[in-house]
Amino acid sequence: MENQLSILSESLDKKLQVLQEIQEYNTRQEEAFKQEQADLESFDDAMEEKERLIEKLTQLDEGFEALFERVSAELKDRREQYAPQIQKLQEKVKQVMDLSVSIQAQEARNKKLVEDYFAKARNGLKQNRQNSRAAYDYYKNMSGSNYASSQYMDSKQ
């Protein structure tokens, strides 16, 4: 049982490490969009690394849950005997949960930054289209291609 509790603890340590790495990549993504000109390549690189880390985190979760299911019955029966180890595991689970909440908040902020960036870019494109259209209409008017026939005008001199 001591060995299994040690494995659970190590699994939680690895989860904390992976979550901290995800948090670092979230910070990089935030920095990529806070610049005057967004660094989309840096953002994409961070996104790919986060995908890899999330897969690793999922594997750690599955392993932890499988092992915990096997030892949970014995832990309930001998709760007092393993109280210090259980306490440490609970503290680590709390750290994992706190870090997860922090990451979710970062993700929400980053999503807002990305949405704002693309809304701004979309508005810029719209403005450019309007400017191009106005320039084209001006050119047509000045070149006479938009000339109205004078068939209804009095041609007396």
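Buried, in this talk, means under 20% relative accessible area, exposed means over 50%, and partly exposed is in between, with a 1.4 Å probe and protein chains only. Keep that in mind for Asn26, which counts as buried at 0% relative accessibility.

A word on the source. This is a predicted model, where local features need pLDDT of at least 70, side-chain atom pairs count only at pLDDT 80 or more, and totals for chains, interfaces and linings use all residues. Residues are numbered from 1 along each chain as its sequence is written, and side-chain values use heavy atoms, with hydrogens and water left out.

Now the overall picture. The protein chain has three helices and zero strands. Along the sequence the pattern reads α-α-α. Helices (H or I, at least four residues) and strands (E, at least two) are DSSP runs, numbered from the N terminus. H1 covers residues 2-34. H2 covers residues 40-77. H3 covers residues 83-143.

Some totals. The chain has 157 residues, and 25% of them count as buried. Its accessible surface comes to about 11900 Å², with 49% belonging to carbon and sulfur atoms. Those areas come from the Shrake-Rupley method with a 1.4 Å probe; for residues, only the protein chains shown count as cover. Next, contacts, meaning heavy atoms within 4.5 Å. Take the contacts between residues at least 6 apart in sequence: 81% of them join residues at least 24 apart.

Back to Asn26. It sits in helix H1. What is Asn26 in contact with, leaving aside its neighbours within four places in sequence? The list is Lys50, Ile103, Gln106, Glu107 and Asn110. Two of those names, Lys50 and Glu107, return in a moment.

On to salt bridges. Side chains of opposite charge can pair when their charged atoms come close. The rule here is a side-chain nitrogen of Lys or Arg within 4 Å of a carboxyl oxygen of Asp or Glu. By that rule the count is nine.

Start with Glu107 and Lys50. Their closest N and O atoms are 2.5 Å apart. Glu107 is partly exposed, at 31% relative accessibility. Lys50 is buried, at 3%. Both residues also contact Asn26.

Next, Asp13 and Lys92. Their side chains meet in a salt bridge at 2.9 Å, N to O. The pair links distant parts of the chain, with Asp13 in helix H1 and Lys92 in helix H3, 79 residues apart. Asp13 is partly exposed, at 36% relative accessibility. Lys92 is buried, with a relative accessible area of 18%.

Asp61 is in helix H2 and Lys15 in helix H1, a link between distant parts of the chain, 46 residues apart. Asp61 is partly exposed, at 24% relative accessibility.

Stay with Lys15. Is Lys15 buried or exposed? Buried, with a relative accessible area of 10%. Leaving aside neighbours within four places in sequence, Lys15 is in contact with Leu57, Leu60, Asp61 and Val96. The C-alpha atoms of Lys15 and Val96 are separated by 7.2 Å, and the two residues are 81 apart along the chain.

Now a loop residue. Where is Tyr82 found? In the loop between H2 and H3. Tyr82 counts as buried, at 4% relative accessibility. Not counting residues up to four places away in sequence, Tyr82 touches Met1, Glu2, Leu5, Glu74 and Leu75. For Glu2 there is also a distance: the C-alpha atoms of Tyr82 and Glu2 are separated by 8.5 Å, at 80 residues apart along the chain.

Finally, the surface. Which residues form the negative patch? Asp39, Glu41, Asp44, Asp45, Glu48, Glu51 and Glu55. Patches take residues with over 30% relative accessible area and no salt bridge, and join like charges within 9 Å. Asp and Glu count as negative. The place of a charge is CG of Asp or CD of Glu. Take Glu55 from that patch. Glu55 is in helix H2. It is exposed, with a relative accessible area of 53%.

Key: Patch = residues over 30% accessible without salt bridge, like charges linked within 9 Å, V, L, I, M, F, W, Y side chains within 5 Å.
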